[in-house]
Amino acid sequence: MLYREEVKKSRNSYWSGKAVLISGYRGHYVIVFTVIFFTAFFLLSTSCSYTRRINVSGEIVSTPRAVTVFSPQQGFIISKAVKQGEHVTKGQPLYRIDVSRTTTSGVVSQRHHESIQKRIITLNQIAADIARNRGLTLAMLAEEKKRYESALQRSSEIVAHAKEGLKLMKVNMDNYVQYQRQGLINRDQLINQTALYYQQQNDMLGIESQNEQNALQVMNLQSALQTQAANYDNQLNQIAIQKSALESELTDADAGGDQIITSPLDGTVDTLSVTPGQMVASGDSLLQIIPGDAHYRTLVLWVPDTAIPYLSEGQLVNIRYDAFPSEKFGQFPGKIASVAHSPASWQEMSTYPGAPPHTLSGPQTWYKILVNPSSDHFFYKNKNIRAENGMKASVTLFLEERKLYQWILSPLYDIRDSATGAIHE
């Protein structure tokens, strides 16, 4: 062996550095420090509390909310009649859109429009002719009726005078009968007077018949006047109905050419999405209008169901805007204006760009919360900046409050609940 066993042991137990021995603290110092530490920890955990909080995202919207006007058909913008920030009234034109189609024979809507216009002009000419014929026919019938009325009046006067003469002749005939009995006249004179009376009576019957014919003709002409007037009026009404149908068809034809987009309500133009010359499809956004004259900004939040029981109206929150970093501008105060008690539908959430996306994982139940910021204006380099629609923000919501020891012991509560059996009342 090269080395002895004693040499190996000596080398293994040889110190490489210097040994430094530190004198320890006295025992009562350690005891005092330990008592003070645990006493302070006990007092802190039992007297102090902590409020659980969560951060949720939201966006600024105007109240009332902006109304979006969509394109009803595909086409291209010909012109616009408003500008951003302008006040508009209900029915006021906003955009003009060309939605026409063109074939080998020309623009379909224009050709259709010209065809309907020609038919309307033809109907107007027919109506004018019927109205002129109506006037002439009724005038002729009225003139004929007037003449027969004059003839009736004259024949009636003749009949009245004839009746008076016939009465006189009847008196004379009766006198002749008395004269013949007295022998003043002969029988031939009585017969002649009697024959003259009956002849006059027959003439009287002819005059009365002619008078009745005149009266009947007046009645027939009056009926003809009414019948002809009704027939002409019916024809004019039929033409008016056809003309009304053509005018309605003309409106539809115009709708197939240039379409005017009007404002659905009174308000202020917030944003313009398209410009003249731009193509649009059916359902594309054209512009947004904020209803009414006075409006303010509010913050829309989407809160999961785990936090909604601890929120109420009037509760204070902290707001941080993405456009105004909290590192420079700090946090802003706000107050909860309303808390929804029913979950928000996905149809409603889809109308808000900042709403949580619909996913298969994570919380599926969201509630809508409205928060009123203490101010919707910000000052930067002596310039007043106003919060606009769609600005994103993060909001800190304060939930339930517990003692510190309860938060520390919360894992033990979970163990207790998992170990507990069925609960019996």
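A word on the ground rules. This is a predicted model, where local features need pLDDT of at least 70, side-chain atom pairs count only at pLDDT 80 or more, and totals for chains, interfaces and linings use all residues. Residues are numbered from 1 along each chain as its sequence is written, and side-chain values use heavy atoms, with hydrogens and water left out.

Let's begin with the sheet. Helices (H or I, at least four residues) and strands (E, at least two) are DSSP runs numbered from the N terminus, and two strands pair if DSSP finds at least two bridges between them. Here, four strands make an open sheet, in the order E2-E11-E9-E4, with antiparallel pairing. Which strands stand at the edges? They are E2 (67-70) and E4 (87-88); each has a single partner strand, so one side of each is left without a neighbour in the sheet. E4 pairs with E9 (residues 267-272) over two bridges, in the antiparallel sense, and His87 stands opposite Thr268 in E9.

Now to the charges. Side chains of opposite charge can pair when their charged atoms come close. We call it a salt bridge when a side-chain nitrogen of Lys or Arg is within 4 Å of a carboxyl oxygen of Asp or Glu. The structure holds seven of these salt bridges. One of them joins Arg52 and Glu400, with the closest N and O atoms 3.0 Å apart. Arg52 lies in strand E1 (residues 49-63) and Glu400 in strand E18 (residues 392-403), so this pair ties together parts that are 348 residues apart in sequence.

Are these two side chains buried or exposed? Buried means under 20% relative accessible area, exposed over 50%, and partly exposed in between (1.4 Å probe, protein chains only). Glu400 is buried at 13%, while Arg52 is partly exposed at 24%. Glu400 also meets Arg402 in a salt bridge (3.6 Å, N to O), and shared partners join Arg52, Glu400 and Arg402 into one network.

Last stop, the surface. Phe41, Tyr405, Ile408, Leu409, Leu412 and Ile415 form a nonpolar patch with about 550 Å² of accessible area together. Patch residues have over 30% relative accessible area and no salt bridge; like charges are joined within 9 Å, and nonpolar side chains (Val, Leu, Ile, Met, Phe, Trp, Tyr) within 5 Å. The areas come from the Shrake-Rupley method with a 1.4 Å probe, and for residues only the protein chains shown count as cover. Leu409 is found in the loop between H7 and H8, and is partly exposed at 32%.
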